[in-house]
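Hello! Keep the structure open beside you as you go through the points.

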Amino acid sequence: MIILPSARGWHALLTLLGAALMATAAHGQATSTPPAAPSAAPPPAAAPPPTPVQFEKALMKAAGDLFEKANLDGAPQKVLLVIDPLIDGATGVQSNATQQMERRITELVKANYPRFEIARFSSAAMAKAPVVLIGTFTAINNAGQAAGPRDAYRICLALADLQSRKIISKGVARALPDGIDATPTAFFTRSPVVTKDPSVDAYIKSCQGTRPGDPIDQVYADRILVASLVNDGIEAYNAGHYKDALGLYRSALRTPGGEQLRVLNGIYLANHELHRRKAASEAFGNVVDYGLKSDKLAVKFLFKPGSTQFVRDTKARASYDSWLERIAERTAAQKACLEIVGHTSATGLVAINNRLSALRAEYVKDQLEADASELRNRLIASGKGSTEMIVGTGKDDASDAVDRRVEFKVIKCS
């Protein structure tokens, strides 16, 4: 027999069940695992690097973008345009490739962009505050790997308006290395010292480190008159007009901002070609003084392959002896201390290159100490092998001679 509770009993039972259910629910809320937060979206994949194309196609793309996108608001119907010679973005040199680029750009402007009136890069043109085309051409690893092979060239072009003091357009592209002749022109091939200095750095920064609308680098803008004189001097030197070149370099040196390595190298080279030995020696001494003042001087000595000895070329060796004498003399006069650092290209085994670069630095150290005995205990030698290449193409010709250099770095005397 089933006995049912009374009405009062039913009421008590329901009250107890309700309380139990509420307690159970509260306990469940306290102990249950909160829902997982939605997972963060994965970061977007890095954009693949641009695909390099044939040199002519890459150049036409960069130049076409440059002129099509130029902001000419407020400009006159005819825009005066000059080209400040394009350079290698790693070394600052002009080459057969950069000169070819200038010729093709000039042809393109004359054929397709009649609003631009091209004038020669000169002091007279600079007085009219024209639009200046600047550009760099640089060997790179296309994937952005610092130690990777230089398998492409990056083209960077910019238009700098000297009236507004702003960059008004940019054009960039990447080219395959096939068929590119990066041999430096005569002036840069024969320059004893790497000519990259603050003036060249300002040119490179104005192209590579800007966007349309940005101001022109102040150092570049302040020294553009000097740059036009330097260009005249380089053109005269390359044409074999050494007296004219010397006069132009001297004019550049007297102009504010004219103390720069291209000018000092030019005075040395012109005097050397004119067989003015005393003047050339003094001019190279000024190059050394500039390097000591800036704490670094990179000299292009050519060694016999796999050897610690200089090349046997009599003319080159005579120049090297004179250079070393001036480096020793000026270093001793300033009571400076130097680290002599040898560098090689990437050709050959790493261990051998490391050892060879150190031995070459030791050889130069010995030569300096022989020329100035007071430098003993004030010089140290080291080798970097191919770890600090500037060009890095591994061609082992005139185009990457700066990779096989000896650097003199001013250090604190102990």
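1. Start with cysteine 156 and cysteine 207, which form a disulfide with their sulfur atoms 2.5 Å apart. Please keep in mind that this is a predicted model. A disulfide here is a pair of cysteine sulfur atoms within 2.5 Å, so this pair is counted.

2. Next, look at where the two partners sit. Cysteine 156 belongs to strand β5 (residues 152–161) and cysteine 207 to helix α6 (residues 198–208), so their bond ties together parts that are 51 residues apart in sequence.

3. Now turn to the bond itself. The torsion about the S-S bond of cysteine 156 and cysteine 207 is about -125°, so this disulfide is left-handed.

4. Are these two cysteines buried or exposed? Cysteine 156 counts as buried because its relative accessibility is 4%, and cysteine 207 is buried as well, at 0%.

5. Cysteine 337 and cysteine 413 also form a disulfide, and their sulfur atoms are 1.9 Å apart. Cysteine 337 lies in strand β8 (residues 337–342), while cysteine 413 lies in the segment after β10 (406–411), so this pair ties together parts that are 76 residues apart in sequence.

6. The torsion about the S-S bond of cysteine 337 and cysteine 413 is about 115°, so the disulfide is right-handed. Cysteine 337 is buried, with a relative accessible area of 5%, whereas cysteine 413 counts as partly exposed at 38% relative accessibility.

7. To finish, how many disulfides are there by this rule? The count comes to two. With bonded cysteines counted along the chain, their pattern is 1-2, 3-4.

How values were computed. Residues are numbered from 1 along each chain as its sequence is written. This is a predicted model: local features need pLDDT of at least 70, side-chain atom pairs count only at pLDDT 80 or more; totals for chains, interfaces and linings use all residues. Side-chain values use heavy atoms; hydrogens and water are left out. Helices (H or I, at least four residues) and strands (E, at least two) are DSSP runs, numbered from the N terminus. Buried means under 20% relative accessible area, exposed over 50%, partly exposed in between (1.4 Å probe, protein chains only).
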